[in-house]
Amino acid sequence: MEVLLADDDDLLASLLGFRLKKGGYDVHQSSNGKEVKEYLKTNTPDIIVSDIMMPYFSGIELINYVRKDLSLRTPIIIISSAGNEENVLSAFELGANEFISKPFSPTELLVRLKRELYKN
Amino acid sequence: MISSPKIPTDLLWGLSTFFVVLAMLYLISVFYFRNKITKESKKIREKKKELSPIISEFLFYDEHGDKIEKINYIGLKIEVRELIKNPFDRKVLTEILMDLRKDVSGHTRTELFNIYQDLGLHEDAFKKLKSWRWQIISKGIFELTQMHVEEAYKPITGFINDKRGTVRKQAEIAIVTLKNEGISFFMDHTKYRISEWQQLKLLDVVRNKDDYIPPPFRLWLTSKNNYVVLFALRLIKHFNQNDANASLITLVNHKSNPIKREAIHCIKEFYVSDALSMLKQVFWKNNTDIKMHILDTIAEIGGEDEIPFLESIQEGTDTFMVKNKAVRAINTIQPEAILPTKDIEEYEIRTVAKTSDTVKPTEDSERIEEKNEDVDSNTLQKELVADTHYSNYRDSNLAEEKNKLSSLSNKNLIPVSRAKSLENDDALENEKDLTQEEIAFLPIVIDSNEDEIEATNQDRKTPINQLSGNFEEVIPEREIIPFNDNFLPLVVDGIDINPLNIKVVYEEVSFEKITKIPPLKDLEVYFELVLPSIKSSKETIENSQLLDFSGLKPIEPKQGNKNENKVNSDESNEFLEWPFNFENQLGDLEEIQIEIEEALDISRDNQILKPNFHSNEIMETLALLENIEELGDAREIPLLKAMLDTETSSIVLERIGFLLEHFNTQEQGFSIESIQEKEYSVFEELIDKGDLDSKIFLLNEIAELGDSKELQLLQTLVLDENKEIKKKAKKVLQLLKNRLKLEAENEDNLITSNKPVSIEELIKKDNPDFFKLNFEPITEGYDSNPVNKDPKHSSTLFDHLCNMSTKLYNRKND
């Protein structure tokens, strides 16, 4: 199972990447929207985990890109700081499958990720 | 003639040069510092990238993981131990942990805190507390708070009344965060003002604590610090501690308005009706704001008794807001006690009511509306100019009244016929959309003609109590099952029943007899794992050999034991002499032996040994063994082993076992001494650099994988200061020794695996190849023979015999 992990916070990305790898997933990490876009042109991951705030290309734009431009039904899990209600709503409207607010447990992410993959 | 002033060009040049140089210096310094900062941040970024996988590895380390993971973990721990010697690396590690703390929660966060302390990074923060610069201290406190270093609680309490506001506030939050009792300490000791923002932050900290039991905050209502009282009142309200009513009532009289206000809020929140008289008493002394709060509270908790007081306020006060509040309070207590009177035009209402079916929207009504608006605005303007607070209220009131009027003009003045037709049109349109099912919930309305309406109007004139009513009988669709109360006990009031006289009917419970016995193969069989017990010297003391004195009380148990020993030593001095010298040499064994003794203790307080007389043959063998012990060394092991196979007496076997153990250990001791200089344990360096976890882990590994090279290391660790390591090392040493011993025995068994067969027996078997000696007898030791491992070895007669016999056996088996 391949996971695309998009987060500009290198530390958190590294931590989550490690946890997901330990959970048995192949993880591709991208630190900004551009990289994500480039990657998605040639690859189709099984699930996308993305932060909302990213340089060049936000998480919301990423959902839009995946759902509308690429017409992919790949599950998308969005990570964001708590209290950003507008972003959450727009993320769900555009087709995000799951939302996790910071701070969160990496194990919780793993569980949600499994659930999304199971659903799909 | 006017001449131009002489300009000192030299000075100008000089000044220009100076400023240019200054500008250059400024630019260079800016460039230099910018570069330095960029370089440092880049370096930090790179270091973070390098260290973050290590942190991830630590955070998600699974104790039950595979060996590779454990080895990786140990390796990384050692690596980190090296890294943290460098202050820069320590700083970066702290930053990483602090950053991650913000993003993660749950177990991962707890692990982060553990790592922070395990790596000793909190010591840096403690150092910061000793700085004289407030920002450094503040940073230190913040770091310790964020990483939940409970040890820091005490040092931080020293800053609770610091003159520097930032440090003090940071310390306040730290104290409340680090320990549950921190809030009590803070409120007891703080002398300074607690700002509103700080109170909110502290409340937030307290609110988010897990398993937090708040102290009774009423205890701080008597504080000399008004800010503490105020904060206590807020906490009381937050935690619903309604056990301080008397204090709350008293605080209504406080000089400080915020405290007064907060006390009134609490009174309202907890419905302290006893406070009503006090509230009424202090009402007139207070400012408008407090008056408003008091009225609000009276409205909430008061009853009809308060209405005269409220009416007096309504009449006696000039303040518009207070007046309004009083009216509102009256209406809250007694709904619609005061009806709207302001600007109510009776004529208009009557007109609407009576002529609603005849009046058309005329110009008059429009004019009336405009007039009303003018009147309203003029009168309101006049009344409310004085009160600046009223502006918003006025606007909304105006808008409301305007809406009322417009609704009157637009709605009520529409001719009925037109309105009816409009309604019908709408209804028709709606009907088209609605199905029968959708309007099923509506009541059935029967269409009536005008006559009926008139009749109804006549009915309206009759008083309500004279109206005839039609009652509808409601029949349940299903038959109601009658409630059976037979099972309930019969309770008779006033009659004393003796419980002993009550008849008790016992229900007979019979077991079903199992007529069929299930077939044997279907029966479940539980297997018990029986492990052979390790023989110890004490096990030979069987219970049957002991006299039971459990019924007797020993007068001097200690003395008795001594005597017992004396008796034994007198009887068989030869075999009861214990080689304590050896045990003293290896202190660890002594303790282990004591442990075994304790484990096998057969309550010797009550039992003493029976006299045990042996035959001459056994006595001779024991004497021989005694001599061997006195004069022999590891070279006697083969002989002892041979004796072990032939002897049957338990006492002799025990003695042989002991001697074997003694010589084996001696032999290992020799080998250690010989190896010490040559061999080097791979674990030594790892243990040396590792932390407690690593050491324990490595010791386990030694027990499993180690060999004689590790004995020296273990013996050093037995003397370690750390109790856990010491204990573990002892266990591992014992395990390793046992394992090595077993290995050595296995090697021996390879040689002498079969039972000893005498030469006569071999000859009897008529083996033709027996006497064909196609090998050269080697006088030097056999490799696998532990005796020959000793470089100081020189063969004895026993050895030669043993070697010879071994080789013959091998030959025979080949």
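In which loop of chain A is A:Pro103 found? In this predicted model, A:Pro103 is found in the loop between strand 5 (98–102) and helix 5 (106–119) of chain A. The legends below begin with that site.

**View 1. A cis peptide bond joins A:Lys102 and A:Pro103.** The omega angle of this bond is about -5°. On one side of the loop that holds A:Pro103 is strand 5 (98–102), and on the other is helix 5 (106–119).

**View 2. Chain A is built from 5 helices and 5 strands.** Read from the N terminus on, its elements follow the order β-α-β-α-β-α-β-α-β-α. Chain A has 120 residues, and buried residues make up 52% of them. Of the contacts in chain A with a separation of 6 or more, 59% are accounted for by residues 24 or more positions apart. The accessible surface of the chain comes to about 5700 Å², with 47% belonging to carbon and sulfur atoms.

**View 3. Chain B contains 36 helices and 2 strands.** Of its 814 residues, 32% count as buried. Among contacts in chain B that link residues at least 6 apart in sequence, 69% join residues at least 24 apart. The accessible surface of chain B comes to about 57100 Å². Carbon and sulfur atoms hold 54% of that surface.

**View 4. Chain B and chain A meet in a contact that takes 20 residues from chain B and 14 residues from chain A.** The area buried between the two chains is about 1400 Å², and carbon and sulfur atoms give 66% of it. The count of residue pairs in polar contact between chain B and chain A is 6. On the side of chain B that touches chain A, the elements giving two or more residues are helix 1, helix 3 (87–103) and helix 4 (107–118) of chain B. Helix 1 of chain B gives the most to this side, with 7 residues.

**View 5. A salt bridge links A:Lys22 with B:Glu69.** The closest N and O atoms of A:Lys22 and B:Glu69 are 3.0 Å apart. Across the interface of chain B and chain A, 1 salt bridge is found.

**View 6. A nonpolar patch lies on the surface of chain B.** The patch is formed by B:Ile7, B:Leu11, B:Leu12, B:Leu15, B:Phe18, B:Phe19, B:Val21, B:Leu22 and B:Leu25. Together these residues have about 880 Å² of accessible area. B:Leu25 is found in helix 1 (residues 9–59) of chain B. B:Leu25 counts as exposed because its relative accessibility is 53%, and exposed means over 50%.

**View 7. B:Cys266 has its place in helix 13 (residues 257–269) of chain B.** Its relative accessibility is 0%, and B:Cys266 therefore counts as buried. Leaving aside residues up to four places away in sequence, B:Cys266 touches B:Leu233, B:Ile236, B:Lys237 and B:Leu248. B:Lys237 is 29 residues from B:Cys266 along the chain, and the C-alpha atoms of the two are separated by 5.9 Å.

**View 8. B:Asn240 and B:Tyr271 have positive phi values although neither is a glycine.** Phi of B:Asn240 is near 50°, and that of B:Tyr271 is about 50°. B:Asn240 lies in the loop between helix 11 (226–238) and helix 12 (245–251) of chain B. B:Tyr271 lies in the loop between helix 13 and helix 14 (276–282) of chain B. With 48% relative accessibility, B:Tyr271 counts as partly exposed.

Conventions: Residues are numbered from 1 along each chain as its sequence is written. Chains are lettered from A and ligands numbered from 1 in the order in which they are written. This is a predicted model: local features need pLDDT of at least 70, side-chain atom pairs count only at pLDDT 80 or more; totals for chains, interfaces and linings use all residues. Side-chain values use heavy atoms; hydrogens and water are left out. Patches are made of residues with over 30% relative accessible area and no salt bridge: like charges are joined within 9 Å, nonpolar side chains (Val, Leu, Ile, Met, Phe, Trp, Tyr) within 5 Å. Accessible areas come from the Shrake-Rupley method with a 1.4 Å probe; for residues, only the protein chains shown count as cover. A salt bridge is a side-chain nitrogen of Lys or Arg within 4 Å of a carboxyl oxygen of Asp or Glu. Helices (H or I, at least four residues) and strands (E, at least two) are DSSP runs, numbered from the N terminus. Buried means under 20% relative accessible area, exposed over 50%, partly exposed in between (1.4 Å probe, protein chains only). Contact means heavy atoms within 4.5 Å. Buried area is the accessible area (1.4 Å probe) that two parts lose on being put together, summed over both. A polar contact is a pair of N or O atoms within 3.5 Å; within protein, one must be able to donate a hydrogen and the other to accept it, and residues adjacent in sequence count only if both atoms are side-chain atoms.
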